[in-house]
Amino acid sequence: MTESSADKEKYKKMAMSSKEYQNFAKTREPSRSIGANCLRAFIIGGAICVLGQVIQELFMHLLHMKAEDASNPTVAVLIIISVILTSIGVYDKIAQWAGAGTAVPVTGFANSMCSAALEHRAEGLVLGVGANMFKLAGSVVVFGVVAAFFVGIVHLILGTGGQ
Amino acid sequence: MIFLWAFLVGGAICVVGQVMFDVFKLTPAHTMATLVVIGAVVDGIGLYEPLVAFAGAGATVPITSFGNALVHGALTELHDQGWIGVISGIFKVTSSGISAAIIFSFLAALVIRPKG
């Protein structure tokens, strides 16, 4: 009896209050300044856009497309690359380093869909893959469509549609 | 030269996203949704096209161009078909991006066995 109460005393001393724990966790967190994060995002984000430009130039020169016609297949190629890199687990490694640099380009959109699809694969094709694919990307689609609708309505009211 | 502008403009848009992560403490979903709405509004006032002409893929690869493309489809159909075009045209331009993302993510889920 006395021993167990002594043990309890020991554990009490070990336990931290949540405030102490937060301070402790903060000292263990790798410190990343906002400036360094922004520089990383700039470099990787810029590099992905340059890759997109290279693919677009290839479409323009090899298939004689105009710039505006070439941008759609360019996005599709970037999405394929992103899905492949996500599937073999490389994209998330780059994303850990690059932050918004990999999230903001369209490759990040594809990455969020592909990783959601893979993550929920075990729950089945319909309830897992089908239902969860847009879990993260859905908000982008919803807000994009709603915003586009209101912009279209404003142009309709002002009579300036389709300049 | 277009490559340099693509790098600078594309990188700058990503920095805006990073600032929203770090300074305003937004979740990735909030950040992406905000950027898409910004892209839609910027195209609504007619400024996204000049940016694309200037920076090429630097403007078409970031997610802001998704908002731009949605508005573009809506306005083109509005011009061609009247008021119903605002709804029928929204996905016209973005179809390839969304379709590609759905199809290849699904195929990946069929083929890949996730670890863990």
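Visitor: In which helix of chain A is A:Thr86 placed?

Guide: This is a predicted model, in which local features need pLDDT of at least 70 and side-chain atom pairs count only at pLDDT 80 or more, whereas totals for chains, interfaces and linings use all residues; side-chain values use heavy atoms, with hydrogens and water left out. Residues are numbered from 1 along each chain as its sequence is written, and chains are lettered from A and ligands numbered from 1 in the order in which they are written. Helices are DSSP runs of H or I with at least four residues, numbered from the N terminus. On that basis, A:Thr86 lies in helix 4 (residues 67-87) of chain A.

Visitor: Is A:Thr86 buried or exposed?

Guide: Buried means under 20% relative accessible area, exposed over 50%, and partly exposed in between (1.4 Å probe, protein chains only). Contact means heavy atoms within 4.5 Å, and, leaving aside neighbours within four places in sequence, A:Thr86 is in contact with A:Tyr91, A:Asn111, A:Cys114, A:Ser115 and A:Leu118. Because its relative accessibility is 5%, A:Thr86 counts as buried.

Visitor: Which residues does A:Leu85 touch, not counting those up to four places away in sequence?

Guide: A:Leu85 is also found in helix 4 of chain A. With a relative accessible area of 25%, A:Leu85 is partly exposed. The residues touched by A:Leu85, under that sequence limit, are A:Val90 and A:Tyr91.

Visitor: How many disulfides does a search of the whole structure find?

Guide: A disulfide is a pair of cysteine sulfur atoms within 2.5 Å. The cysteine sulfur closest to that of A:Cys49 is in B:Cys14, at 5.7 Å, so the two are too far apart for a bond. For A:Cys38 the closest cysteine sulfur is likewise in B:Cys14, at 11 Å, again too far for a bond. Over all chains, the number of disulfides is zero.

Visitor: What area is buried between chain A and chain B?

Guide: Buried area is the accessible area (1.4 Å probe) that two parts lose on being put together, summed over both. The contact takes 62 residues from chain A and 62 residues from chain B. In chain A, the residues that lose the most area to chain B are A:Phe42, A:Cys49 and A:Val104, together 12% of what that side buries. Carbon and sulfur atoms give 81% of the area between the two chains, which is about 5100 Å².

Note on methods
Helix = DSSP H or I, 4+ residues; strand = E, 2+ residues; numbered from the N terminus.
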